Amino acid sequence: MEDMECPIAPPWLELPPEITTTILQKLGPIEILKNADKVCTTWSRLCHEPAIWRVIKMQNAGADFGDREDDLERMCRQAVDRSWGQVIEISLEYFGSDNLLNYIAERMEGRCEPA
């Protein structure tokens, strides 16, 4: 029987945080919130950095996407909260309510802490 060795850390954990952040920024907000945030504690920490959320582009791609509009609004609020008021560009396509737009405006206007 072979000796059980401690697992080796995945190579992405050895990347400098700046490079990992650049990689994460290539993903969309939905992919970050649903997947990347759950990869490991390092990625989770980086996924909460406001710099990741300076540009938020989200769209409802319809039936192929599989998320309901209220899920998209919830994820959008999470993304805006994680930005800590540092959003410089936001684009929402095919979803959104007046309540969501007011929420975004309030967070950007006061550059306030997340709710």
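What does the accessible surface of the protein chain come to, and what percentage of it belongs to carbon and sulfur atoms? The accessible surface comes to about 7800 Å², and 53% of this area belongs to carbon and sulfur atoms.

The model is predicted: local features need pLDDT of at least 70, side-chain atom pairs count only at pLDDT 80 or more, and totals for chains, interfaces and linings use all residues. Residues are numbered from 1 along each chain as its sequence is written, and side-chain values use heavy atoms, with hydrogens and water left out.

**Figure 1. Overview of the protein chain.**
The protein chain has five helices and two strands, and along the sequence these follow the pattern α-α-α-β-α-β-α. Helices (H or I, at least four residues) and strands (E, at least two) are DSSP runs, numbered from the N terminus. Of the 115 residues in the chain, 33% are buried. A residue is termed buried under 20% relative accessible area, exposed over 50%, and partly exposed in between (1.4 Å probe, protein chains only). Among contacts between residues at least 6 apart in sequence, 63% join residues at least 24 apart; a contact means heavy atoms within 4.5 Å.

**Figure 2. Surroundings of cysteine 47.**
Cysteine 47 belongs to helix α3, which spans residues 41–47. Its relative accessible area is 0%, so cysteine 47 counts as buried. Leaving aside neighbours within four places in sequence, cysteine 47 is in contact with Leu24, Ile32, Ala36, Asp37, Trp53 and Arg82.

The structure holds four salt bridges, a salt bridge being a side-chain nitrogen of Lys or Arg within 4 Å of a carboxyl oxygen of Asp or Glu. In general, side chains of opposite charge can pair when their charged atoms come close. The side chains of arginine 82 and aspartate 37 form one of these bridges, with 3.0 Å from N to O. Arginine 82 lies in helix α4 (residues 69–83) and aspartate 37 in the loop between α2 (29–34) and α3, so the pair ties together parts that are 45 residues apart in sequence. Both arginine 82 and aspartate 37 are buried.

**Figure 3. The network of Asp81, Glu106 and Arg107.**
Salt bridges link Asp81, Glu106 and Arg107 in a network. Within this group, the side chains of aspartate 81 and arginine 107 meet at 3.8 Å, N to O. That pair links distant parts of the chain, since aspartate 81 is in helix α4 and arginine 107 in helix α5 (residues 98–110), 26 residues apart. Aspartate 81 and arginine 107 are both buried. Arginine 107 also forms a salt bridge with glutamate 106, at 3.7 Å from N to O. The relative accessible area of arginine 107 is 12%, whereas glutamate 106 is partly exposed at 48%.

**Figure 4. Charged groups over the ring of tyrosine 103.**
Which arginine lies over the face of tyrosine 103 at 4.5 Å from the ring centre? This residue is arginine 77. The charged end of arginine 107 also sits over the ring of tyrosine 103, 4.1 Å from its centre. A charge sits over a ring if NZ of Lys or CZ of Arg is within 6 Å of the ring centre and within 35 degrees of the ring normal.

**Figure 5. A nonpolar surface patch.**
Leu15, Ile19 and Ile23 form a nonpolar patch on the surface, with about 230 Å² of accessible area together. Patches are made of residues with over 30% relative accessible area and no salt bridge; like charges are joined within 9 Å, and nonpolar side chains (Val, Leu, Ile, Met, Phe, Trp, Tyr) within 5 Å. Leucine 15 is placed in the segment before α1 (17–25) and is partly exposed, with a relative accessible area of 34%.

Tryptophan 84, a residue other than glycine, has a positive phi near 50°. Tryptophan 84 is found in the loop between α4 and β2 (89–93) and is partly exposed at 43% relative accessibility. For tyrosine 94, likewise not a glycine, phi is positive and near 65°. Tyrosine 94 is located in the loop between β2 and α5, and its relative accessibility of 65% counts as exposed.

How values were computed:
Areas by Shrake-Rupley, 256 points an atom, 1.4 Å probe, with all protein chains shown as cover.
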